[in-house]
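Please look at the sequence and the model shown below before reading further.

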Amino acid sequence: MENQGTPNQDNSNQVFSQQFRQLQQLPNSTAVLVLGIISLPVCFCYFLMGIPGFVLSIISLSMASKAKKIYEVNPSLYTPGSYNNLKAGRVCAIIGLVLNSILLITVIIVFVMVASTGVAIESILHDMHVR
Amino acid sequence: MLYSLTHWLENNMQTCGFKKAIGFDCPGCGTQRAFIALLKGHVMESIRLYPALIPMLILFLFLILHLKFKFTKGGTYLMYTFILVVSIILISYIFKMLR
């Protein structure tokens with residue numbers, strides 16, 4: 001960051017500085033990736049079906065959109081690895097969001113069904129021949 | 001030590017909240033049984049119980065390695081592994097439900 005744009009004296013120095021110029025990590029790029037991946041196993045864990053994964057993937061997506069805006073202002077400043085992280089994390093978060101919302105919608109539909117009909121879930125499933 | 005961990009896990013299995021509330025398996029049911037089978041060394045048994053467990057563990061291992069060593073293309077490979085794991089989960093869930 002400090003060397004950005006400063007003219008160099010001779011050619012060898014320039015090559016050296018290009019090789020070792022400190023490219024920055026995009027802010028939050030690894031966090032986007034980690035949250036996007038964690039949203040998958042959290043999706044199936046436990047009773048708050050779909051809710052934690054839903055929240056995690058939405059946080060990840062919002063972070064990704066912010067980081068993408070920052071990247072687009074000056075793409076040459078950041079490492080390609082961190083931009084890859086960002087893209088991958090965004091895709092993972094979208095997949096996680098879809099899975100989690102399907103699960104959440106299923107749970108909500110079933111609870112509404114049970115609450116509105118007053119019939120126990122086992123008999124509904126029996127009628128549907130699920131079990 | 002591994003034996004005691006396996007023993008503890010076997011005695012502290014958690015019921016799936018989804019299954020308890022709704023009545024049929026969720027896409028994650030079988031992970032604990034598969035993990036215990038894997039700890040005991042029965043790899044085929046583990047794959048039979050939950051096929052996506054081993055790819056998922058590989059995904060996490062790769063994620064930790066990626067966070068430590070920062071591979072340039074690591075994010076992209078992680079994304080492909082993630083998509084693979086998700087498709088294994090969905091396909092095995094569909095087969096489980098149809099059976």
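Predicted model: local features only at pLDDT ≥ 70, side-chain atom pairs only at ≥ 80, totals over all residues.

Residues are numbered from 1 along each chain as its sequence is written, and chains are lettered from A and ligands numbered from 1 in the order in which they are written.

Chain A contains five helices and zero strands, and chain B contains six helices and zero strands. Here helices (H or I, at least four residues) and strands (E, at least two) are DSSP runs numbered from the N terminus. Along the principal axes, the C-alpha atoms of chain B fill a box of roughly 45 × 40 × 25 Å.

The table lists the buried share and the accessible area of each chain. Buried means under 20% relative accessible area, exposed over 50%, and partly exposed in between (1.4 Å probe, protein chains only).

A contact means heavy atoms within 4.5 Å. In chain A, 74% of the contacts between residues at least 6 apart in sequence join residues at least 24 apart. In chain B, residues 24 or more positions apart account for 39% of the contacts with a separation of 6 or more.

**Helix H3 of chain A**

Helix H3 of chain A covers residues 51-73. Its 23 residues should span 33 Å at 1.5 Å a residue, and this agrees with the 34 Å between its end C-alpha atoms; the expected span is 1.5 Å times one less than the number of residues. The buried residues of H3(A) include Gly53(A), Leu56(A), Ser60(A), Ala64(A) and Tyr71(A). An α-helix has 3.6 residues a turn, so residues three or four places apart point the same way. The buried residues of H3(A) pack against helix H2 (29-44) and helix H4 (80-117) of chain A.

**The interface**

How many residues of chain B are in contact with chain A? There are 30, and they touch 31 residues of chain A. The two chains bury about 2500 Å² between them, with 83% of it on carbon and sulfur atoms; buried area is the accessible area (1.4 Å probe) that two parts lose on being put together, summed over both. In chain B, Phe18(B), Ile22(B) and Phe82(B) lose the most area to chain A, together 23% of what that side buries. Helix H2 (17-22), helix H5 (53-69) and helix H6 (74-98) of chain B each supply at least two residues of the side that touches chain A. H6(B) gives the most to that side, with ten residues.

**Two loop residues**

Most residues other than glycine have a negative phi. Asn28(A), however, has a positive phi near 70°. Asn28(A) lies in the loop between helix H1 (11-20) and H2 of chain A and is partly exposed, with a relative accessible area of 41%. Lys70(B) also has a positive phi, of about 55°. Lys70(B) is placed in the loop between H5 and H6 of chain B, and at 46% relative accessibility Lys70(B) counts as partly exposed.

Technical notes. Heavy atoms only, no water.
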